[in-house]
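Reader: I would like to learn how to read a model of this kind feature by feature, with the general idea set out before each case. Could we take the features in turn?

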Amino acid sequence: MKKMVIRLFGIAVVITALMGIVPAEQVLADEVIKIGWIADMGGIAASFYKSQKDGIEMFIEETNATGGFMGKKLELVIRDADLKADVGANLARELILNEKCEYLIGPTSSAVALAATKVAKEFKKIIFFHTSNTEKLTTTDFHPYMFQVVPNTGIEGRGIAYFLAQKPYKNYGYIGLDYAYGHDQHDAFKESLLKTNPNAKITVEVWPKTGESNYGSYIPTLMAQNPEVIYSSLWGGALSTFIKQAAPYGLFKKTTLSSLYDLDMLRAMGQEMPENLMGYTRCPFYAVDTPQMKAFVDKFSKKFNDWPADWAIMAYDGLLALKKAVDTAGSTDSEKVSKALDGLKWTSLRGERYIRAEDHMANVGIYVGVTAKDPKFKDFLVLKDVVEVPAEKVWMSVDEIKAQRAKNPQ
Amino acid sequence: MNLQFMLFILINGLSQGMVLFIIASGLSLVFGVLRVINFAHGSLYMIGAFMAFSLSSLFAGKTLFAFLMLMLLVPPGVAILGLGLEVSLFRRIYRKEHLLQLLLTYSLVLILDGLTRLIWGGQIRNVPRPEVLAGSLDLFGLYFPSYNLFLLIVGPLLAAGLWVLLYRSRAGNYIRAAVTYPEMLGALGVNVPRVMTWTFMLGCFLAGLGGVFMSALANIDLSIGMERIIECFAVVVIGGLGSVGGAMLGSLIIGVGVAFIQIYFSRMALVFPYVIMALVLIIRPWGLFGKPER
């Protein structure tokens with residue numbers, strides 16, 4: 001009994017001693033700048049999360065190796081919003097108040113993004129969106145502390161329509177999940193398509209529910225109208241599921257499918273991906289020909305033994321802009337840095353880019369191309385003959401944005 | 001819309017119904033015999049699909065043999081998991097109030113989904129179809145996936161097998177007797193708890209088999225369990241609790257109904273299964289093939 005008491009006492013001493021060490025380290029940690037990341041880790045966003053994490057962590061490691069932000073080390077704090085808007089808002093608050101994060105990085109889901117951006121606005125902290133891309137973020141829900149480095153739903157929907165409308169197609173089909181993003185994309189696409197090519201017609205629309213894994217009854221519905229092109233706003237797992245199921249129905253023998261072919265999706269499909277589908281992606285490492293991208297891909301693939309997906313690149317690009325702004329402002333304070341970001345020109349992995357002062361949208365366009373096999377990549381197909389539809393051609397004009405904001409005052 | 005296309009839609013709808021049937025038959029059996037509303041049935045089906053994924057990467061081939069191995073190995077695997085669940089948890093809630101059952105099986109959904117995430121991660125997976133079933137067949141001049149045809153053959157075979165098991169075998173006699181007269185069955189010297197364990201395992205076996213078939217039909221991720229289970233409940237209610245024939249009929253009604261409604265009134269297809277379910281509940285609450293409660 002006595003022995004046990006002594007032992008317990010010993011353990012207590014050790015624990016107290018250990019606790020004593022921790023505050024000592026926290027004193028050192030004062031010279032740290034925290035970046036809070038509201039992530040979506042699971043479900044359809046799981047593979048995106050992994051890619052984003054690689055890109056963000058690589059940036060932080062590199063930056064810390066060269067002195068961090070103004071001599072302060074960066075530290076990443078990650079929270080999982082699980083694609084839920086209310087959770088995202090709470091986490092944003094927690095990251096700012098408890099973790100004392102100076103900057104926030106946004107999630108995958110647009111719904112979470114819209115909730116988190118309100119909190120960033122309230123506390124006047126910078127928030128970067130690199131994946132979630134609803135156009136509302138830069139229009140109706142805009143505030144001076146938010147920045148967008150991913151082509152938004154408007155740039156995507158209008159961009160792909162702009163591209164397709166140059167082709168002789170008349171008979172279009174549409175498939176999109178029955179929620180905000182699916183409808184936003186549909187509206188932007190339809191409007192732009194009919195404006196550029198008045199002869200075109202969307203003859204069939206199908207709206208599967210979110211989370212559908214079996215498209216067996218939707219595919220014949222699309223087939224019944226024999227469209228030449230089907231535009232789809234499905235993404236990630238939903239898209240690969242659809243393609244996998246539609247291929248044996250011979251759908252792609254007569255019809256091309258235009259959709260978001262990001263690297264994670266192409267990898268998920270592997271060699272089952274049909275060739276010659278005309279689609280787009282947000283930032284393909286294999287088609288962006290800049291020395292910066294080359295260097296990035298080399299480093300990334302050495303470090304992770306993997307190729308960088310669009311999500312890794314865009315997250316990294318956003319942080320590059322943030323770093324440039326910190327250097328320009330000569331401060332790490334959100335207020336000053338956000339001023340520096342206004343109209344900032346920076347060297348991104350996609351080349352020289354800028355952030356439009358009026359809506360904080362970076363001039364990032366979409367990359368369109370045709371799916372094809374490439375001997376360099378054994379496990380997946382890539383887009384071939386890729387061209388960028390420049391953001392300036394299709395993004396909302398400043399006047400339109402002002403009109404949108406006037407209609408929906410905050 | 002010509003006749004060929006209509007037939008095409010009909011056959012397509014039937015094949016869609018088959019996957020639903022395989023999963024729903026297990027649910028119906030457990031529901032009918034053990035009187036447990038097993039929400040976790042969907043999770044067991046999902047685990048079957050993920051097991052199929054792991055095994056298929058082990059076999060690393062798109063041969064028919066590899067796929068047959070999945071069909072042979074995965075369902076018993078899920079059944080063994082079911083054995084553990086039955087012995088440790090389920091046998092404590094038979095003939096208890098439904099609220100308790102719902103609480104237990106729903107928390108099991110959360111636990112099993114969490115475990116699945118731990119083991120397989122949140123990524124989307126897919127199992128390649130075997131080479132011979134990956135292509136298409138010519139059906140009235142249209143392409144029809146060979147795999148769907150395969151399901152159209154397997155579904156009825158499975159239904160027949162289940163019918164023989166339930167109505168033409170001693171084990172089936174025990175299972176059916178356990179539904180209505182468990183005390184009498186026990187008095188005759190049959191180990192009733194064991195019959196129930198076997199029945200539960202059979203339900204899990206079917207969930208696992210459904211998982212194997214689904215893994216090659218669609219991509220799989222953590223959400224497929226919840227997504228399918230609701231539809232399966234509709235099937236079971238339409239067909240009647242515990243009735244294999246009812247599960248078949250319910251699945252076919254939903255499969256074919258959705259296929260046609262999809263063509264003409266696309267936006268209505270989502271509610272169709274539940275409208276039918278509501279109608280059945282109003283007109284014949286015990287289901288088309290079920291028997292009224294004693």
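Reader: Which residue in E8(A) is the bridge partner of Ile175(A)?

Author: Before the case, some conventions: this is a predicted model, in which local features need pLDDT of at least 70 and side-chain atom pairs count only at pLDDT 80 or more, while totals for chains, interfaces and linings use all residues. Residues are numbered from 1 along each chain as its sequence is written, and chains are lettered from A and ligands numbered from 1 in the order in which they are written. Strands (E, at least two residues) and helices (H or I, at least four) are DSSP runs numbered from the N terminus, and two strands pair if DSSP finds at least two bridges between them. In E8(A), the partner of Ile175(A) is Ser232(A). Strand E6 (residues 171-175) of chain A pairs with E8(A) in the parallel sense over four bridges. E8(A) is also joined by three bridges to strand E9 (residues 256-258) of chain A, again running parallel, and there Val229(A) has Thr256(A) as its bridge partner.

Reader: Are the two faces of strand E8 of chain A covered or uncovered?

Author: In a regular strand the side chains alternate between the two faces of the sheet. A residue counts as buried if 20 or more other C-beta atoms, placed from the backbone, lie within 10 Å of its own, as exposed if 12 or fewer do, and as partly exposed in between. In strand E8 (residues 229-232) of chain A both faces are covered, with Val229(A) and Tyr231(A) buried on one side and Ile230(A) and Ser232(A) buried on the other. E11(A) pairs with E12(A) in the antiparallel sense over four bridges, Thr347(A) stands opposite Glu352(A), and a hairpin of two residues joins E11(A) to E12(A).

Reader: Which residues have a positive phi although they are not glycine?

Author: Most residues other than glycine have a negative phi, and most peptide bonds are trans. Asn226(A) has a positive phi of about 45 degrees and is found in the loop between H7 and E8 of chain A. His360(A), with a positive phi of about 60 degrees, is found in the loop between strand E12 (351-354) and strand E13 (366-374) of chain A.

Reader: How is chain A divided into domains, and what makes up the contact between them?

Author: Domain bounds come from an automatic or database domain assignment, and here they give domain 1 (29-151 + 289-364) and domain 2 (154-281 + 366-394) of chain A. The centres of these domains, taken over C-alpha atoms, are 28 Å apart. Residues are in contact if their C-beta atoms, placed from the backbone, lie within 7 Å, and the contact takes 13 residues from domain 1 and 17 residues from domain 2 of chain A. On the side of domain 1, the largest share, three residues, comes from helix H2 (residues 46-65) of chain A.

Reader: How many residues of chain A are in contact with chain B?

Author: There are 27 residues of chain A in contact with 36 residues of chain B. H8(A) gives the most to the chain A side, with five residues. That side has 11 nonpolar, 14 polar and two charged residues, where Ala, Val, Leu, Ile, Met, Phe, Trp, Tyr, Cys and Pro count as nonpolar, Asp, Glu, Lys and Arg as charged, and the others, Gly among them, as polar.

Reader: What is the average pLDDT of chain A, and over which residues is it below 50?

Author: This score is the predictor's confidence in each residue, from 0 to 100. Chain A averages a pLDDT of 89, and 92% of the residues score at least 70. Over residues 20-29 of chain A, however, the pLDDT is below 50, and this stretch has zero contacts in the model beyond near neighbours in sequence. Where pLDDT is low, the predicted coordinates should not be read in detail.

How values were computed. Two residues are in contact if their C-beta atoms, placed from the backbone, lie within 7 Å.
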